[in-house]
Amino acid sequence: MRALHADTGYLLYRLGLRSGQLFNAFLQESGLRLRHYAVLRFLATCEGALQRELSARLGYDPSAIVGLVDDLEKQGFAERRPAPDDRRSRIVVLSEDGRAFLRDTDQAGLRVTEELLTPLSLAERDTLHTLLLRAAGDGLD
């Protein structure tokens with residue numbers, strides 16, 4: 001096991017798994033999962049997005065995006081609307097209920113991050129965040 005712990009990629013993988021488990025546990029009551037939350041968070045940053053854009057930006061398979069958006073529509077958190085520049089296309093837009101859900105879950109999300117990063121000081125957390133942003137580079141665009 002020690003050899004695995006010497007592998008930074010493996011440690012990032014394990015931390016990602018733990019983060020996903022904690023977020024999914026906090027979202028369980030709403031019937032959503034971390035992937036739904038990521039779509040909602042992305043939609044909160046824009047005026048709407050094509051499903052293929054969601055797929056590309058979030059790194060999810062296009063077929064997964066269809067199901068995620070279907071789930072969010074059923075919950076009333078997102079809706080599909082005609083794209084303003086191409087009526088044949090549909091954009092996904094965050095609804096007011098979706099915005100309220102994100103506001104209501106902000107503190108819980110911060111508690112998840114707090115639990116995950118408890119061993120680190122505030123300065124170390126800032127450094128980790130900065131380093132992760134740099135390592136991710138263009139992969140976050």
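L128 is partly exposed, with a relative accessible area of 24%; the class lies between buried (under 20%) and exposed (over 50%), using a 1.4 Å probe and protein chains only. This is a predicted model, in which local features need pLDDT of at least 70, side-chain atom pairs count only at pLDDT 80 or more, and totals for chains, interfaces and linings use all residues. Residues are numbered from 1 along each chain as its sequence is written, and side-chain values use heavy atoms, with hydrogens and water left out.

**Two residues**

- L128 sits in helix 7, residues 122-136. Helices are DSSP runs of H or I with at least four residues, strands are E runs with at least two, and both are numbered from the N terminus.
- L128 touches L117 and L120, not counting residues up to four places away in sequence. Contact means heavy atoms within 4.5 Å.
- From L128 to L117 is 11 residues in sequence and 9.9 Å in space, C-alpha to C-alpha.
- H36 belongs to helix 3, residues 34-43. With 6% relative accessibility, H36 counts as buried.
- H36 is in contact with L68, D71 and L72, leaving aside neighbours within four places in sequence.

**Helix 4 and helix 5**

- Helix 4 (residues 51-58) packs against helix 5 (residues 62-75) at about 115 degrees, and their axes are 9 Å apart. Axes are lines fitted to C-alpha atoms, for helices over the stretch in contact; angles between N-to-C directions run from 0 to 180 degrees.
- On the helix 4 side, Q51, L54 and S55 meet P62, I65, V66 and V69 of helix 5.
- By class, this contact of helix 4 with helix 5 has five nonpolar, two polar and no charged residues. Ala, Val, Leu, Ile, Met, Phe, Trp, Tyr, Cys and Pro count as nonpolar, Asp, Glu, Lys and Arg as charged, and the others, Gly among them, as polar.

**Helix 2 and helix 6**

- Helix 2 (residues 8-27) and helix 6 (residues 96-116) pack at an angle of about 140 degrees, their axes 10 Å apart. That makes helix 2 oblique to helix 6.
- Residues of helix 2 in this contact include L15, F23 and L27, while those of helix 6 include F101, V112 and L116.
- The contact of helix 2 with helix 6 divides into nine nonpolar, four polar and two charged residues.

- Three strands form an open sheet in the order 1-3-2, with antiparallel pairing. Two strands pair if DSSP finds at least two bridges between them.
- Strand 1 (49-50) and strand 2 (78-83) stand at the edges, each with a single partner strand, so one side of each has no neighbour in the sheet.
- Strand 2 pairs with strand 3 (residues 86-94) over six bridges, in the antiparallel sense. R81 has I91 in strand 3 as its bridge partner.
- Strand 2 and strand 3 form a hairpin, with two residues between them.

Definitions and conventions:
Angles under 35 degrees count as roughly parallel, over 145 as roughly antiparallel, 65 to 115 as roughly perpendicular and the rest as oblique.
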